[in-house]
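Let's walk through a protein model together, one feature at a time.

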Amino acid sequence: MFSVKQLKPTFKSYLPQTDVKKNINPPIKKLEAKLLPGEIVVNEVNFVRKCIAAEKSHDDLWGKLICTNFKVSFVTHDALTKPRFQVAHRLLGEHDIPLTCLEQVVTVNDVKGKKKVLGCNQKLKFNPSELILYCKDFRIVRFSFDEAGPEGAKKVCLAIAHYSHPADPQLLFGFEYIGVRYYGSPEERVNGARPKGGSQTPLFDCSSDWDREIKRTNAEEWRVCSINQDYAVSPSLPEFFVVPASLADQDLKQYAVSFADQRIPVWCWNHSNGSALIRMANITDPFQLKKLDQRICNAIVKSHPQRSEAHKFDLDKSLPSIQDIQNSLVKIRQICVIDPFEESEEKWLSSVENSQWLDYVRTFLKHSCEVVYLLEGMNASVILQEEEDRDLNCVVSSLVQIMLDPHFRTLSGFQSLVQKEWVMAGHRFLDRCNHLKKNAKEESPLFLLFLDCVWQLMNQYPSAFEFTETYLAVLSDSMWIPVFSTFLFNCPKHHADTMTGFLEDKNITLGEGEALCFPPVWEWSQQLFIKDQTLFNNPIYVGKGARNVHNGTVKSFRRTKHKSYSSTLRGTPPALMRNGLQGGQGTLPRRNSLAAQLKSDLFQLRDVEESPSERFFRDWFSGPADPQGLLLPQLLPSHLPLWRLYFLRWVPEACIPRGGPITAYHKFSQLADEIDVLQNQLRHYKGPTPANTPLASPTGPPSEPSRMYFKASSLYELSSTPEFLSSSFPFTPVGNLCRPNLHGTPISKFLNGAKIWLSTESLANETL
């Protein structure tokens, strides 16, 4: 055989050589859900389309739909074409929905024209072509399975329906989250949160927290009581609470059996004049009613320095029931996010009015003002009475303290208020949020109603609160993330018993001094990065924690009373106030039926002699508001608008690109940051900082030099508004509300900045 010598190549290329391997596109990364500790994938399906609009759109996203034991997750390589905001959630992705946030799971078959609401352990007889998720935070999210496998689509729908209906509290994801390995000694941090008793926000689970609150309010005639340790007296009260100093423990134990759920009267707050706010359940023993009621009132009178009388408010008789409030929320959800905006402006606003949501907000604020008058104007103690002292009392007692005590308008103070008057007082968060979806009759949005009332006060007095409406909205959304102890239980004993049962079932053994703890919601680092937490800080807050420059030094600022003040902060000063209602010759910015109704009522008031309470309100409203003093709300319909950021944040038609209150917040934030920078420069110029000069806000992030989200040194000029800002910021309606988009209708024009109905500025000159 002949051997052939291999010839060398003689061709030479003079073109620039490139590496072919580098030009090959890298393989697309496999779509996987980002899982938390204890989170597992239950079912998933590929080639799913998330609908950005109601009809098919080139903006729709393609990806994988995944159901875990925590959330519904949509993972995609695609990116939305519109600019995105910069806030990132640490527990949830941009397209994730917690299972506890699901209100309804609806499957659709376009071919057969069928729809089915899926519950737990239900069968699905058709292959779904669409999945529509109705969420408790007012989102509506829609997925299409037109390219996905029919069996895979059916399985993932059934999995979502099943895991969103847990049969037991221990099946909520939070128990898996903390049960993997997150327990430790009291010196350690538990799952990124401090152990029991170590939170910066007082949890009121120990006597020392109550002692500090007694000293803060100077409640000298009250004491911390420990008769309920191990919940020996009442199953729904905390282990420690405050009672009149004149009542002995033995007497309290004897009285407890006559109260509903053994909930004896407990102290909430003390006024500087000595009057106290108390809450209690009904006395169930008719034979002991009169005698026991007298003994309790006598003890409260003895706790008052001037021995002033105590007044009782029966809230069950004067406020709407929890079922009425729930029905109202259902109506407002239907109006705001389900029905299309194709009706006239008048009809839409009338529908909002007929839902009675704003009427209930006004009712709770009005009754709280009446309590404030007795505490402040009459120097009298007040007893709030409710059948079980676990629902309406929570709302009213909290609002009264916010109106009277500026401490509860700070971030840490507000959180301590919720912990004290809601969590430790035994509000049934598990039942009222209906996390287990067992009994719809027990569900009621009382906490949301309370947050709405707080927002109304913030809207009227924006400089009096250290936190923002973004904080209130994020706090409300946190109810649907089942990893926080704040919203998972019905009372402290329920919390303790459930944790004990969980440890036994999982065979988790804790050493001496160790505790298995859910993080409270107040550990915001669980959800948000430090920078994003600065969205909670109000740049125009005027309070003890605020800072300003005076002759090169930093001093606390307290607003002085001026003869002139802005009507945007207070509203038009009325000539006559009746429990916060405008009377006399004041004009009303409301037309048609409502205006006529109010007009007849007001004319009847003119000939009535002014009462002491009316004089008290008139005197207060006749002067400027002190952000660090008493706050009373204006209660006319024009002063109580719909909380737009919460109720309309997912509605595309209601979204104003680069507009809304966020634009003012953006400017104020930059200005506040610039002032901080100048303060630092002045301190550096003047020399060493005095020892008594605060270097940072007490509630500001410890590791972030600026308290503001938008900084003066940012890339955005002061004269421009970032493109990602909108009236829904930091939320986005894109892909979160799927229904026909109807632009150009009267209501869409109204929502996008046309003449605002019920506006005191635009209608000030109009008459009845």
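This is a predicted model: local features need pLDDT of at least 70, side-chain atom pairs count only at pLDDT 80 or more; totals for chains, interfaces and linings use all residues.

Q: In what order do the strands of the open sheet run?
A: First, the terms: strands (E, at least two residues) and helices (H or I, at least four) are DSSP runs, numbered from the N terminus. Two strands pair if DSSP finds at least two bridges between them. Here, eight strands make an open sheet, in the order β4-β3-β2-β1-β8-β7-β5-β6, with antiparallel pairing. β4 (97-98) and β6 are at the edges with a single partner strand each, so one side of each has no neighbour in the sheet.

Q: How many bridges join β1 and β2?
A: Strand β1 (residues 41-50) and strand β2 (residues 61-68) are antiparallel and pair over seven bridges. You can trace the pairing by residue: E44 has I66 in β2 as its bridge partner, and V41 stands opposite T68 in β2.

Q: Which residue in β3 is the bridge partner of L65?
A: That's F74. β2 pairs with strand β3 (residues 71-76) over five bridges, again in the antiparallel sense, and the two strands form a hairpin with two residues between them.

Q: Is β2 mostly covered or mostly open?
A: Buried means under 20% relative accessible area, exposed means over 50%, and partly exposed is in between (1.4 Å probe, protein chains only). In β2, seven of the eight residues are buried, which leaves the strand mostly covered.

Q: Which residues form the positive surface patch?
A: A patch takes residues with over 30% relative accessible area and no salt bridge, joining like charges within 9 Å and nonpolar side chains (Val, Leu, Ile, Met, Phe, Trp, Tyr) within 5 Å. A salt bridge is a side-chain nitrogen of Lys or Arg within 4 Å of a carboxyl oxygen of Asp or Glu. The positive patch here is formed by K112, K114, K123 and K125. K112 sits in the loop between β5 (102-109) and β6 (114-118), and it counts as exposed because its relative accessibility is 52%.

Q: What makes up the nonpolar surface patch?
A: F668, L671 and I675 make that one, with about 250 Å². F668 belongs to helix α22 (residues 661-686) and is partly exposed, at 38% relative accessible area.

Q: Is N434 buried or exposed?
A: N434 is buried, at 8% relative accessible area, while D261 counts as partly exposed at 27%.

Q: Where is the cis peptide bond?
A: Look from F729 to P730, where omega is near 5°. P730 is in the loop between α22 and α23 (746-751).

How values were computed. Residues are numbered from 1 along each chain as its sequence is written. Side-chain values use heavy atoms; hydrogens and water are left out. Accessible areas come from the Shrake-Rupley method with a 1.4 Å probe; for residues, only the protein chains shown count as cover. Lys and Arg count as positive and Asp and Glu as negative; His and the chain ends are not counted. The place of a charge is taken as NZ of Lys, CZ of Arg, CG of Asp or CD of Glu.
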